Amino acid sequence: MAKLVIFGAGDIARLARFYFTRDSEHSVAAFAVDRAFRQTERFEDLPLVDFETVTEQYPPAEYSMFIAVSYANMNRVRAEKYTEAKAKGYRLVSYISSRCSWLTEQPPGDNCFVLEDNTVQPFVKIGNDVTLWSGNHIGHDAVIDDHCFISSHVVISGRVHVGEYCFLGVNATIRNAITIAPETLVGAGAIVMADTTPKSVYVPDRTAVFPRTSDKVKI
Ligand SMILES: CC(C)(COP(=O)(O)OP(=O)(O)OC[C@H]1O[C@@H](n2cnc3c(N)ncnc32)[C@H](O)[C@@H]1OP(=O)(O)O)[C@@H](O)C(=O)NCCC(=O)NCCS
């Protein structure tokens, strides 16, 4: 069993511990956060230590690390910790759910988090520090660059190139063979049919509120 320290003490850290413990070769030894954010000695019944001094108790020669941070600041917060952990000498590990269909022969980069029910088709390439939350379709020959967060039930069609630091919201659809430029934010339910420009934001029309209450309509 490889020993692991998880960076983070929030929902994603709690979930990462769950997934790594039940569905990987790793055992989680501790959590770490920046000193300024640490309010307790323990998290989820494990030691919670300062990231600044984590190497003293959990040396990189014996422990690997996983950065369990969300998409805050368009993934910049996670990327910053990713870089800092590597500079401390840690090997960053990836989790791929045993319940996803991983059909590409290309392994993912490091610090990836690939949850259940993803379909990753042949010839797909996934970079470092990419999260595929549950249930996405990543079409054949697609490329996802570093530090992206793909939420849930996103369709990335074949031959799409997703640049680094993108966020794709739930139920987004990306048509085949286009390029999603770095730092694009695709809102929930958006349908993107052409190349995007860096840092652009896509939102679909909101579903309208019907002018009558549910007790006043026939279904
Ligand atoms: C794109 C997104 C980030 C925008 O979120 P937001 O900043 O909270 O934006 P809001 O919905 O509050 O809308 C901001 C403004 O844009 C307007 N707006 C929103 N959608 C619009 C649309 N389709 N057309 C025109 N205006 C729109 C809103 O009316 C609002 O205007 P106001 O400031 O005058 O009130 C959000 O809609 C989204 O899709 N988030 C991703 C959710 C998701 O997938 N989560 C999964 C996490 S795992």
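Buried here means under 20% relative accessible area, and exposed means over 50%; the structure shown in each view is a predicted model.

**View 1. The buried face of helix 1 in the predicted model.** Ile12, Ala13, Ala16, Tyr19 and Phe20 are the buried residues of helix 1. Looking down the helix axis, these buried residues fall within an arc of 130°, so they line one face of the helix. An α-helix has 3.6 residues a turn, so residues three or four places apart point the same way. On the face turned away from the buried side, helix 1 carries the exposed residues Asp11 and Arg22.

**View 2. The length and the cover of helix 1.** Helix 1 comprises twelve residues, 11–22, which at 1.5 Å a residue should span 16 Å, and the 17 Å between its end C-alpha atoms agrees with that expectation. The cover over its buried residues includes strand 1 (2–7), strand 2 (26–33), strand 3 (42–43), strand 5 (63–67), strand 6 (95–96) and strand 8 (113–114).

View 3. Strand 10 runs parallel to strand 13 (residues 143–144) and is joined to it by two bridges, with valine 143 as the bridge partner of lysine 125.

**View 4. The surroundings of the ligand.** Among the residues that surround the ligand are Tyr71, Ser151, Phe167, Val203 and Asp205.

Terms used
Residues numbered from 1 in each chain as written. Predicted model: local features only at pLDDT ≥ 70, side-chain atom pairs only at ≥ 80, totals over all residues. Heavy atoms only, no water. Helix = DSSP H or I, 4+ residues; strand = E, 2+ residues; numbered from the N terminus. Expected span 1.5 Å × (residues − 1). Buried < 20%, exposed > 50% of the residue type's maximum accessible area, 1.4 Å probe, protein only. Arc of directions from axis to C-beta. Contact = heavy atoms within 4.5 Å. Pairing = 2+ DSSP bridges. Near = heavy atom within 4 Å.
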